[in-house]
Amino acid sequence: MQKSFLIGVVAVAAAAAQAQQQPSAGGAAMIASAPGTATVAAGIKVTAIVQAVDKANRLVTLKGPEGNVFDIQCGPEVKNFDQIKVGDEVAVRYLEALTLTLKKGGGAPREKVEAEDAAVAKPGQRPGVAAARKVTVMADVIAVDAAKQTIRLKGPKRTVDLPVKDPKQFAMVKVGDQVEATFVEAIALSVEPTKK
């Protein structure tokens, strides 16, 4: 995978999270809606304080915002591990976004494509790691139920009924069209400067 993919996924997810009024662990917000396209996204940021560092076992003990204490095993992907010290603030950011796009007339093969990427801190930078995953599924519209405001989508492995709340969006969908669903998620963990 190329770093440009990771940067692109993180940028999309970050833009989606920034558009929310108040990100929360379980909340989602409509980010964008245009004829034939809708995107929802959610993002959270949690900070914890380093309580102890076991350098021999690459184990970090963290205290979360609600006082909960837990250990994190830091594998070799966490570069610059030796820089982590008691009192450091660790930030964990998680972002996810789902975009549905109507493809009028269909014709593309039903398929599922997955891609993943990761990036680590360079020598001399603060310790950190980021990872991203993108899943794209192309599905056929095989039924439209006006009474229930749902469309039935047949993907490469399963069939699902999707509610469409917006009447204008629903009116655009016909049997034989396709829907492309793109799900992206990104997680980043970084050691932040200690607050004075």
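Biologist: Why is Arg-152 called partly exposed?

Modeller: In this predicted model, Arg-152 has a relative accessibility of 36%. A residue is buried under 20% and exposed over 50%, and partly exposed in between. The value of 36% lies between these limits, so Arg-152 counts as partly exposed.

Biologist: What makes the pair of Arg-152 and Asp-161 a salt bridge?

Modeller: Their side chains meet with 2.6 Å from N to O. The cut-off is 4 Å, and 2.6 Å is within it, so the pair qualifies. Asp-161, at 44% relative accessibility, is partly exposed as well.

Biologist: How do you know that Arg-110 and Asp-140 form a salt bridge?

Modeller: The closest N and O atoms of Arg-110 and Asp-140 are 3.1 Å apart, which is within the 4 Å limit, and the pair therefore counts as a salt bridge. The pair links distant parts of the chain, 30 residues apart: Arg-110 is in the loop between β5 and β6, whereas Asp-140 is in strand β7.

Biologist: Which residues are linked with Lys-112 and Glu-114 in a network of salt bridges?

Modeller: Arg-133 and Glu-185 belong to that network together with Lys-112 and Glu-114. For Glu-114 and Lys-112, the closest N and O atoms are 3.5 Å apart; this is within 4 Å, so a salt bridge is assigned. The structure holds eight salt bridges.

Biologist: Is Gln-169 buried or exposed, and how do you know?

Modeller: Gln-169 has a relative accessible area of 12%. Buried means under 20%, so Gln-169 is buried. Gln-169 has its place in helix α2, residues 167-172. Leaving aside neighbours within four places in sequence, the contacts of Gln-169 include Ser-33, Pro-35, Thr-37 and Val-164.

Biologist: What makes β2 and β5 paired strands?

Modeller: Strand β2 (residues 37-54) and strand β5 (residues 89-103) are joined by 13 bridges. Pairing needs at least two bridges, so the two strands pair. They run antiparallel, and Thr-37 stands opposite Thr-101 in β5.

Biologist: How do you know that β2 also pairs with β3?

Modeller: Five bridges join β2 to strand β3. With at least two required, this is a pair, therefore β2 and β3 are paired, and they run antiparallel. Ile-49 stands opposite Lys-63 in β3. The hairpin of β2 and β3 has four residues between the strands, and there Arg-58 takes a positive phi near 50°.

Key: Residues numbered from 1 in each chain as written. Predicted model: local features only at pLDDT ≥ 70, side-chain atom pairs only at ≥ 80, totals over all residues. Heavy atoms only, no water. Buried < 20%, exposed > 50% of the residue type's maximum accessible area, 1.4 Å probe, protein only. Contact = heavy atoms within 4.5 Å.
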